[in-house]
Every structure is written in structure tokens, then in C-alpha cells.
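I am starting a notebook page on this structure and will write down each thing as I look it up. The sequence and the model come first.

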Amino acid sequence: MFGEIIKPIVEAITESIKDNIQKKEYIKNIQEALSNNYKSYSTVKNMLHLSDPVLFKDIYCPLSIKKLDRGSFYRNKPPFCVFSASDLMENYDNVAIFGNAGSGKSTLVNFLYLNAIENKYKYPVMISLRYLNEESNSLTNVLQSQIFGKKNVSDEVFYMLLKKGFFLFIFDGYDEITPQKQYTVSYAIKELMRQYPSNKYILTSRPLEQLYALDYFHNLTIEPLSNEERNVFIRKQFSEDNQQKAELIINKLSKDSNIQYSQLLKTPLLVVLCILNFQYNPELPPKKSEFYSRIFDALFQEHDWQNKTGFERERKCNITKEDYIHILNTFSWITHFESIYYFSKNMIEDVFGQILAKDVYFKRKQILFGIKPFRLFVGQAFSNDGRYIRRNGRL
């Protein structure tokens, strides 16, 4: 599979590099990078599948998108499902895909990345644009790293491959770039597209007015889930042995008394939260606020109780659920206005320092159990590599 994709790249490298050792190293690095990335995107973990990774294709459902014709004479074009990367790109050349939080943008481009490889459509390169917030990262450096791995590469070889148009570049999460970096990144993407138009380009973002007029892109938007699409999505989240649970949820949602949830559950994220609710409570609450409160309770404590035979996790600090809510509310308020969505550990400690110094609620709590538990709370909030966490939503 990988051999067919990199074959034209291998031929181009063979023609341009005379040193056989260097030539073999480049080819090996390209194939290893593609293979490693494919494995990484082929399996996923999410809130419903925390214990073990699942195959992406087992839980993925096609999403409907449509042309976003702002200010155009061509309106009301019907939505369509995306079934392959090649069909999408050959019809629209380069696309910007817009969608609200939890609508499935990253999931869609994950599918397009894997589909491009499996159908041997160009060499796909996935770039999470948030990493360009780091001062040391430029668009060129990140692209080289994704194509050649961590090995050093000649700029001459890199630009030669770009010119020949072997690549499908997927830029995910423009809205996650800090405002201070957005102009620089936008300019870098536009220059890349201008200088190397033979490649294909995809960009995703939450709706941002300044992006609608971005050169070279056809604008598409992810459609809200229909009830039928929602039901298909629910079934896909359960194994074949657990389809009875899926049908139970679908039947509950179809009741007239739960009509408000048919209007609410229009994004994959909200459907996942609804499934979580059913795992801990067989009924839907009449108020949406209570629904969200149940989800918080499930993630805060009941997950261990329900799934680990009464296991009660030892807590490293005596922060209550109400303390967590106050912490997250205050933390989200501060970071929202600074447009921060990904955090280093030092950054989180700095923000907590601001909260501890100024918030009367926390001054009182410090008297009760000191500052150290807050440091432990920060440590618990990190992913396994200890570098970054992502804001998945705000309380």
C-alpha cells in the first residue's frame, strides 16, 4: 500500500540525488513517516472508548457537508456525504471545511487522511496547526517533519518534491492558532499554495469571518446531524454484541417526551455525551442543564464506580466537585479572553497562580488545605506525555 503512494516520490528522489546512501536514507525516512502516521490515525480513543483504542473505521460515520456560498448567486445547494478524498478534491480542488465545536471536523479529516492512503491518492500530510503556536515551529519545519520524520533533509529536495505536486496537505484547526500567530500562519499557507499549486490543500476551522475570503479555497460547512444520521452514529459506537443498548437509546430519543433532545443532538460530540448519560442513567432529564450536570458527574466519579466494580479512586487532594467547577469556570474565563486552547504545565500553573492570588473563594480554600493540592490538581490534568492538554469544552 505505501509502496504505490511513494513510488513517484522515490522516482523523483532517484533522479535528483546521486549519492546512493543519501538516496536510500530519504526513501526509508519517507516510508517510515507515512507508515507511523497511518498507524497513529488508524486507531482512536475517546470518551466512550477509554480503556483500549478502537479502529477508527469501526466507529466512523460519514458526515454531510455542503457548499458555503456566502454572497453568491448559487444558493441552497444540497448537502452531500464525503466518501473519498479523491472525489472531494477533484470536485473542489482545495477546500476549507467549517464547523462548530464538536461537529466532527477533525474526525472528517482523519477519515480523508486514511482514505487517501488506502486509495493511493497522493501522499497525505496532516498538520495540527496548534503546534505552530510554538515559537520554534514554522510551517516549513512542521511539513518537513511530517514528510521525512525527525531526520534532517535538504531544502533542495523538499522544495523539489513540493513543486512536483505529490502531496495532499491537511491543515487542521485554524481556530486553535493564537491571534498573534494567525497572520503569519495565514500568509505561510497562502504562499505555499501560490508557489506549489499542483498539491491539494484542506483546511478546517470553526467559523471565522476572516477565513471565508481566504484565497484558493472552496468553502464547505459541516451540516448538523439529521435524526437518521444520529441513529447510525449511535449504532456505530457499540460493538455488534451491544447493539441492543444502541437500540434502547434510539428508542428513548424517538419518544415525544424527549423531542427537545432531537433538536439538541446535532453534533457527534453531543451524541457521545448523550450515550455517556445512558451508561449511568436509563432516563433523560427534562432540563438540558440537568443533562450536562449528569455528564459532569459521570466523568468526575461515576465512571470508576460503574465500570470497575465499586472501585473508588484514591484522590491526591481533597478538592470537591464544587471546587473543580469553580476552578474550571475561573480558569476558562481567564484563558478564553487570551484565546488559549492548548496549555503547557507551566502555563496552567501561572494561571492558577493568578486565581489563587485574586479569588476570594480560593483564598479561603488555601486556609483549609493549602496550595500544594492545587499543584497536584494540575498534574492530574495532563495527558501521559506530560506536555499538553486540550480544552474540550468549557463549563
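Is Y159 buried, exposed or partly exposed? I looked it up and found Y159 partly exposed, because its relative accessible area is 34%, where buried means under 20% relative accessible area, exposed over 50% and partly exposed in between, with a 1.4 Å probe and protein chains only.

**Entry 1: what I am reading.** I note that this is a predicted model, in which local features need pLDDT of at least 70, side-chain atom pairs count only at pLDDT 80 or more, and totals for chains, interfaces and linings use all residues. Residues are numbered from 1 along each chain as its sequence is written, and side-chain values use heavy atoms, with hydrogens and water left out.

**Entry 2: the chain as a whole.** I find 17 helices and 11 strands in the protein chain, taking helices (H or I, at least four residues) and strands (E, at least two) as DSSP runs numbered from the N terminus. Of the 395 residues in the protein chain, 47% are buried. Among the contacts with a separation of 6 or more, 69% join residues 24 or more positions apart, a contact being heavy atoms within 4.5 Å.

**Entry 3: confidence.** The protein chain has an average pLDDT of 80, and 82% of the residues score at least 70; pLDDT is the predictor's confidence in each residue, from 0 to 100. The pLDDT is below 50 over residues 302–314, a stretch that has 14 contacts in the model beyond near neighbours in sequence. It also stays under 50 over residues 367–371, for which the model has seven contacts beyond four places in sequence. I remind myself that where pLDDT is low, the predicted coordinates should not be read in detail.

**Entry 4: aromatic pairs.** I count 14 aromatic pairs in the structure, where rings of Phe, Tyr and Trp (its six-membered ring) pair if their centres lie within 6.5 Å, and planes under 30 degrees apart count as stacked, over 60 as edge-to-face and the rest as tilted. One of them is Y60 with F111, which is stacked because the ring centres are 4.8 Å apart and the planes stand at 10°. This pair links distant parts of the chain, since Y60 sits in the loop between α3 (56–59) and β3 (64–67) and F111 in helix α5 (residues 105–118), 51 residues apart. Both Y60 and F111 are buried.

Y159 and Y196 also form a stacked pair, because their ring centres are 6.3 Å apart and their planes are at 15°. Y159 lies in helix α7 (residues 155–164) and Y196 in the loop between α8 (179–195) and β8 (200–205), so the pair ties together parts that are 37 residues apart in sequence.

**Entry 5: around N199.** I place N199 in the loop between α8 and β8, where N199 counts as buried at 0% relative accessibility. A polar atom of the N199 side chain lies 3.3 Å from the backbone oxygen of Y196. Leaving out residues up to four places away in sequence, N199 touches N94, L162, G165, F166, F167 and F169.

Methods:
Polar contact = N/O pair within 3.5 Å; in protein donor to acceptor, adjacent residues only side chain to side chain.
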